[in-house]
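Student: Could you zoom in on one part of this model for me? I'd like the contact between the two chains, told in one go.

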Protein chains: 2
Amino acid sequence: VAADPLAEALARIVGPADCLTDPDLTAGYRTDWTGRFTGPARCVVRPGTTDEVAAVMALCAAAGQAVVPQGGNTGLVGGGVPRGGEVVLSLSRLVELEAVDPVGGTVVAGAGVTLAALQAHALAAGWDVGIDFASRDSATVGGLVATNAGGTRVLRHGDVRAQIRGVEAVTAAGVVVDRMTRLPKDSTGYDLPGLLVGSEGTLAVVTRVVWRLVPPAPERVTALFGLASYDDALTVLGEVRTAHAVLGAAETFGRAELELVRRHAGLAPPLRADHPRYVLLECEGRGAVEALARVLDGYPLVAETAVAVDAAGRAALWAYRERITECINAEGVPVKLDVAVPPTSLGRFEERVPEVVAGMAPNVRVLSFGHLAEGNLHVNLLDATEAEAEAVEGAVLTLVAGFGGSISAEHGVGIAKRRWLHLTRNPEDIAVMRAIKDALDPHGLLNPGVLLAPAADG
Amino acid sequence: VAADPLAEALARIVGPADCLTDPDLTAGYRTDWTGRFTGPARCVVRPGTTDEVAAVMALCAAAGQAVVPQGGNTGLVGGGVPRGGEVVLSLSRLVELEAVDPVGGTVVAGAGVTLAALQAHALAAGWDVGIDFASRDSATVGGLVATNAGGTRVLRHGDVRAQIRGVEAVTAAGVVVDRMTRLPKDSTGYDLPGLLVGSEGTLAVVTRVVWRLVPPAPERVTALFGLASYDDALTVLGEVRTAHAVLGAAETFGRAELELVRRHAGLAPPLRADHPRYVLLECEGRGAVEALARVLDGYPLVAETAVAVDAAGRAALWAYRERITECINAEGVPVKLDVAVPPTSLGRFEERVPEVVAGMAPNVRVLSFGHLAEGNLHVNLLDATEAEAEAVEGAVLTLVAGFGGSISAEHGVGIAKRRWLHLTRNPEDIAVMRAIKDALDPHGLLNPGVLLAPAADG
């Protein structure tokens, strides 16, 4: 094969071992975690420093070459894999992790640091990370920032945007922008960190961040409840809040999701009986166990409970929730929706989805689970043809919009949801987003086609 | 005088009673609260609806007429008063306040709603507002959003940006952008609400918001401590945090500020003796009183304490902190700095400021007070000539930048701090901000000269 002069020039920047063109070596960078999104890449570059990222971007800008930034490649909306010959810019080598600032409670982390590494680093310094989710061993800081990731601790500590004090980023033109502010209050100009969080690699390439840490919980208790319905789940949630227990997590799944996890992950039944709805609650802080006990004591809505306070017991309960995603993948390639509705609408939403699906695609299986307190459900469609998937996706997301909900609560819009953006973002809003995109990436080289349609000249 | 055709056209939109050209009637809109910033206005318009705001902006855009949005005119950086014949767009009539969503804990509020009105409305519905500060009766939602205001509760509930779920805004061209999302998780596209918060009226005119409320504290205890130094203050703050008391506020001031408040506001001494440093702590939640008592019990750093649990007693203690600003104004027109340094640098900062000032302007008095936990001090310079003020301001802000601090923690950049922006924002960062400004306000009609230099063609 003829050598690619651009790839050769990129290899001179990052070193030949970190500019990959061999299809066998690039395969893992070209297909997403679900297997649903895949495409050709011109090459994969893995710069080792911010300056190398800047040089890569400058070279690509000069060549009019589109770039797809990539973190741990655990995204679910096709936002981090190539579509048509882009350069894949892997930030996986930016694994710098500075010492924790013990007074301010912040840490500087490179985009390639995994969530698990960040957590271990924080805990070793007597702090904790306010974000957690199942793909913590692969997902990276850069990807968390790009998607404004959520997970299981949002109700206590907020989303990723709430954790980010400062950013360093490289523009489409290859300019390094340093806004590495560490202060809790520094309202000097536009909120660039907040704008880049959730921008899905379309405005700039985030290379480092100042991450705000949280104090570790002195005590933690995890309980799995068997309940009859979403409405009962919300009532219990309200009781726990009224009891002034500090709620650390409130997750939910149903009978079908539990069956799937038991089958594929080989887990024993968590409770004696089957229940239509399961809720995994975690309370933290001094007195958490007593507070939870007060709520549970003779509480008629809760049919059964498993409670754990030690790490092993808590992990065993969390496994029922955290292994759902991988067990769905074991059944096939799912179409993944990440929606939110006002929590009080969850019961009605649960009724309507099967009606909508049954009318269009009777063989499609729907599995859903997620974050109860925010009404954020991960709706997975299995066994759908492409045509069925599109029709069902459109119908479910239209339903979500009708509830005043979100079509993308924490995974991002990516390629997968772009066509549905109009359901919850009006033309004026999209025009403002387009103006910002064109201002920061005038030639449409950064992750083209993600979130917004590619520019006409891109 | 000849009639102004633009003012006449604006009067047809908002009604003649709400388009003011008489200098006596516009005077209150043309001078800021400190008396330091003032300028001529072409007219003052007070639209009563979002559609009227849009029509005003469209008309001004067509005429190439610059506009200064204004809230309660309590700003301290000259960002809300005219400089040279702009149209002042007062949002004071947008006082819509919808019923509180009792489950989601949100409320829709117009830009003209005062903070006090928002607080009363929330409390009546069993909720509270996470923001509070002394000018609550005049400051409005629109101004709070424009400046990303802070205040006394930031350490517990975050800044204004953390409270805002959704916004409705009118662009420079007069287009209404509706992003009134109410959901806790809705990561669908760029964070326009977060971008507009803190943009000081330079990107769009915010007309309504979805404000996230917080649960009211079940119990609250306020304590005023007499201490020897900032370092002792930080040690006590750390003790309270370690005792797992929920800290609601941590304010600070010194001997000179207390003397000023006693003199002008006629307040009795709060403690038996004088102390170099005072700290006002508030703890909230069940067990707050006991938690604070445990910390205070025989704690050697605390020389004296006044404690209050009832509303009247708490208000009496808060008066020593909240009345400082008005008492400074009673002494003269201050030059106001709003800086933050890492809290551990507060002691060193306090030593260095008088040295810097004494060398340049020996007659200038420096008064400072503020938010201990964030290291956010309001530094007021009294009795300075214009030349002294500029020299001292530059020297103090350079000192702040040297500590890795913020030159504008919660008041905004406005006109007052624009010339110092380069101290903590590098050229690449300012270029990105400029690109965003130019994208959303290409003709530079929105609050020209605030935050960024006026555009060449503006």
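Which residue forms a salt bridge with Lys185(B), and how far apart are the closest N and O atoms?

Tutor: That's Glu374(A), with its closest N and O atoms 3.5 Å from those of Lys185(B). A salt bridge here is a side-chain nitrogen of Lys or Arg within 4 Å of a carboxyl oxygen of Asp or Glu. Before going on: this is a predicted model, where local features need pLDDT of at least 70 and side-chain atom pairs pLDDT 80 or more, while totals for chains, interfaces and linings use all residues. Residues are numbered from 1 along each chain, chains are lettered from A as written, and side-chain values use heavy atoms, without hydrogens or water.

Back to the interface: the count between chain A and chain B is ten salt bridges. There are also 29 residue pairs in polar contact across it, both partners at pLDDT 80 or more; that means N or O atoms within 3.5 Å, one able to donate a hydrogen and the other to accept it. The largest share, nine residues, comes from α16(A).

Overall, 63 residues of chain A touch 63 of chain B, contact meaning heavy atoms within 4.5 Å. Together the chains bury about 4900 Å², 62% of it on carbon and sulfur atoms; that's accessible area (1.4 Å probe) lost on being put together, summed over both. In chain A, Lys185(A), Ser187(A) and Tyr190(A) lose the most area to chain B, together 20% of what that side buries.

Conventions
Buried area is the accessible area (1.4 Å probe) that two parts lose on being put together, summed over both. A polar contact is a pair of N or O atoms within 3.5 Å; within protein, one must be able to donate a hydrogen and the other to accept it, and residues adjacent in sequence count only if both atoms are side-chain atoms. Helices (H or I, at least four residues) and strands (E, at least two) are DSSP runs, numbered from the N terminus.
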